[in-house]
Structures are given as C-alpha cells and as structure tokens.
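Biologist: I would like to learn how to read this model. Can we take one feature at a time?

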Amino acid sequence: MFIENVYKGKPDAWRYILGVFLIVLVYFMASIPFGIALMAEAGAEKVAGMSETEMLSVLDPNTTLFYMLLPFVFTFFGILVIVRFLHDQPLKFLVTSRSSFDWSRVVFSFLLVSIIAVLSFLIDIAFSPDDYAWNYDPERFLGLVLIAVLMIPLQTTAEEILMRGYLFQGLGAAFKSRLAPLLITSISFGFLHALNPEVAKLGYGLISIYVITGLFLGMITLMDEGLELSIGFHAANNLVIALLVTSDWTAFQTNSIYKDVSDPVLAEYIILPVIIYSLVGFIFSKKYKWNSWKSKLTGPVSISS
C-alpha cells in the first residue's frame with residue numbers, strides 16, 4: 001500500500017526533519033534570483049516596501065512566471081535526491097504502490113480536468129461576457145506557452161510529491177495512521193497559500209478552498225494508492241488557468257487569452273471547485289472501482305502491510 005512504502009526506505013523521524021529543512025532551503029535558495037531581478041528593476045528600497053501583488057507587476061508577466069516557478073523546479077529535483085540518498089528509498093515508492101508509475105492515470109486525470117475546466121470557463125464567459133476582456137497577444141502568449149508547458153507540470157508535481165508523497169509517508173510512519181497525514185497536509189496546504197494575493201483580495205475565508213483542495217487530492221491519493229491522479233489533476237488545473245485567464249489580483253498574472261475584470265465573489269471561488277471535485281472524484285471512483293473507503297482513508301499504517 002502507498003503509505004507503507006515508507007518502510008521500504010529509512011523512515012527515521014530525524015531524516016524527515018532534516019529532509020524538510022533541506023527542501024525548504026532549496027526552495028528559498030532558488031527564490032533568490034527573483035529577488036535580485038526585482039531589485040535590479042525597481043531598486044532594493046522600493047521592493048522592500050512592496051506588497052506581494054505589487055511585486056508581481058514589476059517585471060514582464062512571462063519573466064515573473066518563470067522566476068515564480070523556478071524554485072519549484074529545483075525543489076522537484078531536490079526531493080528526488082533527498083529521498084534517494086537520505087532515506088535510501090527507491091523513487092518509485094515515493095509516488096505509487098503499483099509495480100511501475102501509471103502514466104495512463106496521469107493522462108486520464110489531466111484530460112478529464114482540462115476538459116471540465118475549459119467547459120466551465122466557456123459556460124461562465126457565455127453567461128457573463130462583460131466579466132472578461134480579450135488579452136491575447138500572439139508573441140507573448142507563445143512565450144507563456146513555452147514557460148507554462150515546461151515548468152508548471154514540474155511545479156505541481158513538486159507540490160504533490162512533497163505534500164501527498166514525502167510528507168504523507170513520513171507522517172504516516174510517525175502517527176501510524178492514514179487520517180493524520182491527510183488532515184495535517186491538507187490544513188498545511190491551505191495555510192501555505194495564506195499570503196497569496198487571492199486571499200488578500202477575497203479574505204481569509206478563501207483559505208477554506210485550499211484546505212478542501214488538499215483534502216480532495218489527499219483522498220484520491222489514498223483511495224488510488226498513488227500520486228498519478230493527483231499529479232494529473234494539479235497540472236491540468238494550474239496549466240489551464242495560466243493559459244486561459246488572468247487577473248490583477250491572482251498569484252498567476254500571465255499573458256493569457258483572457259483577463260478577468262470582474263469584481264470577485266468569495267462564494268463562487270468555493271462552490272464551483274467543490275462541485276468540480278465531487279464530479280471528478282465520482283468519475284475516478286467508478287473508473288478505478290474504489291472500495292474500502294473507511295479503511296483506506298482512516299485506517300492504521302502497519303509496517304507489515
């Protein structure tokens with residue numbers, strides 16, 4: 001079983017504490033170029049007094065997106081190195097309980113979520129055309145596509161491997177429970193987004209949808225005994241958003257096709273994702289014939305499994 005893969009490596013608590021420290025260190029070291037670029041453009045004193053939203057508008061959107069995604073690229077490879085050499089765990093066991101990583105699951109999840117996301121957007125723009133402005137610039141959009149397609153899957157996969165892989169297994173071994181890592185990582189996932197510009201715009205109530213998202217991704221990971229579906233889901237969600245629509249108050253301010261010029265309402269950003277998660281979860285459960293929900297979501301983690 002997926003969490004029990006932790007015992008195929010070295011699950012000592014000190015290794016996970018050191019591993020998390022090293023992962024955070026890699027992330028912050030890889031964030032330095034963004035800070036240097038901002039200071040070179042606007043000056044160190046001015047940057048020091050900027051909000052996160054203001055920082056996102058200093059550089060060209062494509063350049064900003066590149067620098068925002070860069071730390072996740074380094075984190076992705078950093079986690080792989082840490083797991084292999086600090087925990088002596090084969091990389092496959094970090095991401096799946098199957099004999100090999102199931103790319104078909106990733107592709108199915110990616111396509112399903114992409115189709116639902118695009119359809120949802122088209123329905124919204126059909127009913128509320130005044131909420132969107134045409135933002136397409138061929139040259140800038142091409143640059144966006146290159147950066148997004150190459151780097152966003154690494155960003156989202158790094159988050160999934162860290163939250164639903166590395167921490168799931170480490171916390172599972174520490175608490176001997178499947179529920180503990182599900183709740184801890186979901187709440188952490190929510191509060192890690194507390195400084196996002198979206199939260200500043202819509203209020204702290206928006207954190208609830210990040211927690212719900214963490215719960216959903218954690219549940220499909222536990223039910224499917226691997227990260228394939230969550231990796232596909234997360235990549236599709238972020239990629240479609242980056243390419244289709246941007247706004248002045250989101251973390252991803254890109255050279256997308258459309259720009260959202262509406263006055264956002266918190267309820268819409270909570271209700272619609274919950275509906276989509278419910279639909280996607282139902283489709284996954286039927287396609288992959290999930291059962292034993294209680295034991296898979298709340299059961300014990302056993303070294304003998």
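Biologist: What is the handedness of the crossing of α4 and α7?

Modeller: This is a predicted model. In it, the crossing of α4 and α7 is left-handed.

Biologist: Which residues make up the contact of α4 with α7, by class?

Modeller: The contact divides into 20 nonpolar, 4 polar and 2 charged residues.

Biologist: How are two packed helices described?

Modeller: By the angle between their axes and the distance between the axes. Here helix α4, residues 61-85, packs on helix α7, residues 138-175, at about 35°. Their axes are 8 Å apart.

Biologist: Now the salt bridges. How many are there?

Modeller: The count comes to 10. The cut-off is a side-chain nitrogen of Lys or Arg within 4 Å of a carboxyl oxygen of Asp or Glu. Take R98 and D224: their closest N and O atoms are 3.2 Å apart, so they form a salt bridge.

Biologist: Where do R98 and D224 sit?

Modeller: R98 lies in the loop between α5 and α6, and D224 in helix α10. The pair therefore ties together parts that are 126 residues apart in sequence.

Biologist: Is R98 buried or exposed?

Modeller: Buried means under 20% relative accessible area. R98 has 19%, so it counts as buried. D224 is buried too, at 5%.

Biologist: Which residues are linked in a network of salt bridges?

Modeller: R98, D102, R105, D224 and E228. Within that group, the side chains of D102 and R105 meet at 2.8 Å, N to O. Both D102 and R105 are buried.

Biologist: What about D12 and R15?

Modeller: They form a salt bridge, with the closest N and O atoms 2.8 Å apart. D12 is partly exposed at 34%, whereas R15 is buried at 15%.

Biologist: Next, the backbone. Which value does phi of D88 take?

Modeller: Phi is near 50°, a positive value in a residue other than glycine. D88 is in the loop between α4 and α5. K176 also has a positive phi, near 55°. K176 is found in the loop between α7 and α8.

Biologist: And the surface: which residues form a nonpolar patch?

Modeller: W14, L18, F21, L25, M29, I32, I36 and M39. Together they have about 800 Å² of accessible area. M39 is found in helix α1. At 40% relative accessibility, M39 counts as partly exposed.

Biologist: Last, how far apart are L195 and E52?

Modeller: In sequence, 143 residues; in space, 8.1 Å, C-alpha to C-alpha. L195 lies in the loop between α8 and α9. L195 is exposed, at 73%.

Note on methods:
Residues numbered from 1 in each chain as written. Predicted model: local features only at pLDDT ≥ 70, side-chain atom pairs only at ≥ 80, totals over all residues. Heavy atoms only, no water. Patch = residues over 30% accessible without salt bridge, like charges linked within 9 Å, V, L, I, M, F, W, Y side chains within 5 Å. Areas by Shrake-Rupley, 256 points an atom, 1.4 Å probe, with all protein chains shown as cover. Helix = DSSP H or I, 4+ residues; strand = E, 2+ residues; numbered from the N terminus. Buried < 20%, exposed > 50% of the residue type's maximum accessible area, 1.4 Å probe, protein only. Axes fitted to C-alpha atoms, helices over the stretch in contact; angles between N-to-C directions. Left-handed = near helix turned anticlockwise from the far one by under 90°. Nonpolar A, V, L, I, M, F, W, Y, C, P; charged D, E, K, R; others polar.
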